[in-house]
Amino acid sequence: MSDDIIRTGKVVYITYSVLDEHGNIFGQQDMPTGYVQGSHSGLFAAVERALEGKREGDQVEATVPAEEAFGDPDPNLIITELLENLPPMLRSVGAQAEMQNDAGDILTFRVVEIKDGEVTLDGNNPLAGKPCVVAATVVSVRDATAAEMRAGFPDDQNAPKPTLQ
């Protein structure tokens with residue numbers, strides 16, 4: 001186990017889960033993923049703050065406000081269609097379909113409501129407009145190289161293997 005403490009300029013590998021405010025898991029990363037502390041890597045700022053000063057093996061939970069997490073829902077990503085115009089696989093709440101926009105981006109739309117012969121599909125992240133909790137475990141910590149500091153991510157991305165317990 002390393003004695004390195006997480007601070008600016010350290011490569012940190014973590015595993016994590018993203019939960020809603022009720023504790024439901026919306027995402028989970030069991031393979032260690034790396035970033036460089038303090039380098040604007042894209043990791044939620046609340047999670048970086050919670051990890052500051054921690055060591056290998058430590059666990060943290062950080063509440064991430066909606067505006068810092070997935071932002072506000074985009075009303076342009078909420079579509080209402082007649083039930084009869086949709087294939088049978090999209091005629092139940094919770095069903096999902098991938099759709100491509102004019103820019104070529106592929107988005108996942110979820111059926112969120114069926115009412116009066118109409119189906120409402122939502123392409124926003126399910127946590128848009130809501131706070132979330134990130135529960136993270138520190139897998140390893142080491143010094144970052146100058147190139148890693150500039151990039152915000154480890155050069156190797158060959159994360160340490162998690163130990164099975």
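This tour moves through the structure stop by stop, giving a selection and what is found there.

The model is predicted: local features need pLDDT of at least 70, side-chain atom pairs count only at pLDDT 80 or more, and totals for chains, interfaces and linings use all residues. Residues are numbered from 1 along each chain as its sequence is written, and side-chain values use heavy atoms, with hydrogens and water left out.

**Stop 1: the nonpolar cores**

Select Ile6, Phe44, Val47, Leu51, Val64 and Cys132, the residues with the most contacts inside the largest nonpolar core, which has 19 residues. Such a core is a set of buried Ala, Val, Leu, Ile, Met, Phe, Trp, Tyr and Cys residues joined through side-chain atoms within 4.5 Å. Buried means under 20% relative accessible area, exposed over 50%, and partly exposed in between (1.4 Å probe, protein chains only). Two or more residues of this core come from each of strand 1 (10–19), helix 1 (45–51), strand 3 (59–64) and strand 8 (132–143). Helices (H or I, at least four residues) and strands (E, at least two) are DSSP runs, numbered from the N terminus. Strand 8 supplies the largest share of the core, five residues.

Now centre on cysteine 132. Residues up to four places away in sequence aside, cysteine 132 touches Val18, Leu19, Phe44, Ala62, Thr63, Val64, Ala69, Phe70 and Leu127; contact means heavy atoms within 4.5 Å. A second, separate core has nine residues, among them Leu86, Ala97, Phe109 and Val111.

**Stop 2: the aromatic pair**

Which two rings form the one aromatic pair of the structure? Select phenylalanine 44 and phenylalanine 70: the ring centres are 5.7 Å apart and the planes are at 80°, so the pair is edge-to-face. Rings of Phe, Tyr and Trp (its six-membered ring) pair if their centres lie within 6.5 Å; planes under 30 degrees apart count as stacked, over 60 as edge-to-face and the rest as tilted. The pair links distant parts of the chain, 26 residues apart: phenylalanine 44 lies in the loop between strand 2 and helix 1, and phenylalanine 70 in the loop between strand 3 and strand 4 (78–82). Phenylalanine 44 counts as buried because its relative accessibility is 17%, whereas phenylalanine 70, at 31%, counts as partly exposed.

**Stop 3**

Two strands pair if DSSP finds at least two bridges between them. Strand 4 and strand 7 run antiparallel and are joined by five bridges; threonine 80 stands opposite threonine 120 in strand 7.

Next select glutamine 96, in strand 5 (residues 96–100). Beyond its neighbours within four places in sequence, glutamine 96 contacts Leu90, Thr108, Phe109 and Arg110.

**Stop 3: two residues with positive phi**

Most residues other than glycine have a negative phi. Histidine 40, in the loop between strand 2 (25–36) and helix 1, has a positive phi near 60°. Its relative accessibility is 77%, so histidine 40 counts as exposed.

Where is aspartate 116 found? Aspartate 116 occupies the loop between strand 6 (106–115) and strand 7 (118–122). Aspartate 116 has a positive phi of about 50° and, at 72% relative accessibility, counts as exposed.
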